[in-house]
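Please look over the sequence and the model shown here before reading the briefing that follows.

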Amino acid sequence: MNDPAVPTGPSEPVRRRLGRSGVEVTPLALGTSGIANLYTPVTEEQAREAVRAALRRGVRHFDTAPHYGLGLAERRLGAVLRELPRDAYTVSTKVGRRLEPSDAGGDDLANGFAVPATHRRVWDFSADGVRRSLEASLERLGLDRVDVVYLHDPDDHEDQAFREAYPALERLRSEGVVGAIGAGMNQTAMLTRFVRDTDVDVVLCAGRHTLLDHSAAAELLPAALDRGVSVVVGGAFNSGLLADPRPDAPYDYATAPAALLERALRIKEAAERHGTSLRAAALAHCAAHPAVTAVLVGARSAAEVDDCADRFEEPVPDALWEELRATGLLDA
């Protein structure tokens, strides 16, 4: 931990417990799809410096998945974290997409990643698939354990996810192989079912609890609060529109509709009138609900990590929320 080559920031950053588990995470966490060549290439050095910048800013929780860059995110993240004592950080990864070698050639841009298509993704929410996927993730990470495992996007595999994959995660938790289990999705209905009908510790909700999408507040967040389940919020910027609203800005991985762009610009103008920024307001909104334990941000570089950390620490006055509610830009 004292290796000067690995900046680690605050010696005792704030940590919060995930549900009833023994896993504790920092309120700001780093997602790793960006360092896995999401859309455009990121060099090994840029990826390494992004993770190191997060450590320097007190981030101690990192989220990854086999899906991100066909394993590239796990390899790049593990290369940095292996330099630290294992209890200095927590890691979450995901199961549901196994990677199998492929000689098809070409690239993976159809799935969003600028990497060679050396593998193909195979949907697998079987019990055996869960264990095989986790074993492969540990090998790519170069770690002996991960702290959290999520079922990744089981939207079209609901029956198998609840009947086979979830019980497999329960067994892994009871065996002490992982500390916390959950599901990560871009929708709220199935996440709410996980909260109500299973014994998950945490759910990862991406893009549905933002300044532009309040759908998680209807059922998911109240259910999580009632059941003592933690919520980690991802997609705070709705894939870009709330980071930099402009005519060609993305919203949920497609070009933003004109009405949402106008709404984002109105929120940005209001934030600036109150002496803060749209990005700070977006992150603060995600973090404010008592069911939310951590906010997950993606970054491709050290500069982007520093900007997210700065915006996360930036004060957002109550008067802004009052104006947004009064003008209908934020649900009451």
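How many residues has α7, and what distance does α7 reach from its first C-alpha to its last? Helix α7 has 16 residues and reaches 23 Å, close to the 22 Å expected at 1.5 Å a residue, the expected span being 1.5 Å times one less than the number of residues. This is a predicted model, in which local features need pLDDT of at least 70 and side-chain atom pairs count only at pLDDT 80 or more, while totals for chains, interfaces and linings use all residues. Residues are numbered from 1 along each chain as its sequence is written, and side-chain values use heavy atoms, with hydrogens and water left out.

**Strand β13**
- Helices (H or I, at least four residues) and strands (E, at least two) are DSSP runs, numbered from the N terminus.
- Five of the five residues of β13 (residues 230-234) are buried, so this strand is largely enclosed by the rest of the structure; buried means under 20% relative accessible area with a 1.4 Å probe, protein chains only.
- Ser230, Val232 and Gly234 lie on one side of β13, with Val231 and Val233 on the other.

**Pairing of β13**
- Val232 is the bridge partner of Leu204, and Ala294 in β16 is the bridge partner of Val232.

**Helices α7 and α8**
- The buried residues of α7 include Leu260, Leu261 and Ile267, and they pack against β14 (250-251), α8 and α10, contact meaning heavy atoms within 4.5 Å.
- α7 is followed by Gly275, whose phi is positive, near 80°.
- In α8 (residues 278-288), buried residues include Leu278, Leu283 and Cys286, and what covers the buried residues of α8 includes β13, α7 and β16.

Key. Buried < 20%, exposed > 50% of the residue type's maximum accessible area, 1.4 Å probe, protein only. Pairing = 2+ DSSP bridges.
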